[in-house]
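I'd like to walk you through one structure, so please have a look at it before I start talking.

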Amino acid sequence: MNKTSSGKVHWSTPHHVVQHVEHVFGGVIQLDPCWNTISPVRAVYAWTKTRTYTNGRKVWDKSPEDTLHWRWDHGTYVNPPHGDKAVKDKILKEAARGTRMMVCVPANTGTQFMQSLMSYGLTKFCSPRVAFVDPVTREPCKGVMHDTALVFCNGNPEENRRHHNNSFVKGIVK
């Protein structure tokens, strides 16, 4: 499991990946259920494990389980903590119910999680490897250990085809 310099398993998404996700969602990410306070994601709603923010302002305190129990709205971006089985299970549950979301995960295509996730949508493998940002030092993480995939899920085969032929596959992911 990759950890930041602080020993955490959370990585912030680089700005150029966030721009790509915003483009796919028409400019607005509605929800980031795995947000951290230095993330460049400017979702309408951003949840940490203990608090909810809207446009960067704290709205209310939440228990750590709330992110996993609340229904995720459409236009959700998720860069989950690596190795968090509960969050992975929630991602698959939301994908199965047709939530329109983009998931940024290690491209471990041999895992059951990744195979299940890819069955719900389109997958873009990022090249070159994405240098995520350490939320403590705010520096790009050195020695990225894995490839990254963005998986677009929405339960709508027609929209999947449209994204396949347009911005998603031809995306600006660096």
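**A walk through the fold**

You'll find V44 in the loop between β1, residues 31-32, and β2, residues 45-47. Its C-alpha atom is 8.3 Å from that of D32, although V44 and D32 are 12 residues apart along the chain. D32 also has W47 to talk about: the two are 15 residues apart in sequence, and their C-alpha atoms are 6.2 Å apart in space. W47 is found in strand β2, and at 5% relative accessibility W47 counts as buried.

Before going further, please keep in mind that this is a predicted model.

Now let's step back to the whole chain. The protein chain has five helices and eight strands. Reading from the N terminus, the order of elements is α-β-β-β-β-α-β-α-β-α-β-β-α. There are 174 residues in the protein chain, and buried ones make up 49% of them. The chain exposes about 8800 Å², with carbon and sulfur atoms supplying 51% of that area. If you take the contacts between residues at least 6 apart in sequence, 60% of them join residues at least 24 apart.

How many of the six residues of β8 are buried? Six of the six residues, 148-153, are buried, so β8 is largely enclosed by the rest of the structure. As a reminder, side chains in a regular strand alternate between the two faces of the sheet. Here T148, L150 and F152 point one way from β8, while A149, V151 and C153 point the other way, and all are buried.

What about the neighbours? Strand β6, residues 101-106, pairs with β8 in the antiparallel sense over six bridges. In that pairing, V103 has V151 of β8 as its bridge partner. Strand β7, residues 121-126, is also joined to β8 by six bridges, and these two strands run antiparallel. There, the partner of L122 is F152 in β8.

Let's move on to β6 itself. Six of the six residues of β6 are buried, so to speak in plain words, β6 is mostly covered. Strand β5, residues 76-78, is joined to β6 by three bridges, and β5 and β6 run parallel. The bridge partner of Y77 in β6 is M102.

Those two residues bring us to the packing. In soluble globular proteins, nonpolar side chains tend to be buried together. In this model, the largest nonpolar core has 20 residues, and those with the most contacts inside it are V21, I29, V41, Y77 and M102. At least two residues of this core come from each of α1 (15-24), β6 and β8. The largest share, four residues, comes from α1. Which residues does V21 touch, leaving aside those up to four places away in sequence? V21 touches I29, Y77 and M102. There is also a second, separate core of 19 residues, and V105, F113, M114 and V151 are included in it.

Now for the aromatic rings. The count comes to one aromatic pair. F25 and F152 form this pair, which is tilted: 6.4 Å centre to centre, with 50 degrees between the planes. F25 lies in the loop between α1 and β1 and F152 in strand β8, so the pair ties together parts that are 127 residues apart in sequence. Are the two partners buried or exposed? F25 counts as buried at 8% relative accessibility, and F152 is buried too, with a relative accessible area of 0%.

The charged end of K88 sits over the ring of F113, 5.3 Å from its centre.

One last stop is helix α3, residues 85-96, where A86 lies. A86 is partly exposed, with a relative accessible area of 35%. The C-alpha atoms of A86 and L68 are separated by 7.4 Å, and the two residues are 18 apart along the chain.

To leave you with one picture, go back to β8: β6 pairs with it in the antiparallel sense, β7 is joined to it by six bridges, and its own F152 pairs with the ring of F25.

How values were computed: Residues numbered from 1 in each chain as written. Predicted model: local features only at pLDDT ≥ 70, side-chain atom pairs only at ≥ 80, totals over all residues. Heavy atoms only, no water. Buried < 20%, exposed > 50% of the residue type's maximum accessible area, 1.4 Å probe, protein only. Pairing = 2+ DSSP bridges. Core = buried A, V, L, I, M, F, W, Y, C linked by side-chain atoms within 4.5 Å. Contact = heavy atoms within 4.5 Å. Areas by Shrake-Rupley, 256 points an atom, 1.4 Å probe, with all protein chains shown as cover. Phe/Tyr/Trp six-rings, centres within 6.5 Å; stacked < 30°, edge-to-face > 60°. Lys NZ or Arg CZ within 6 Å of the ring centre and 35° of its normal.
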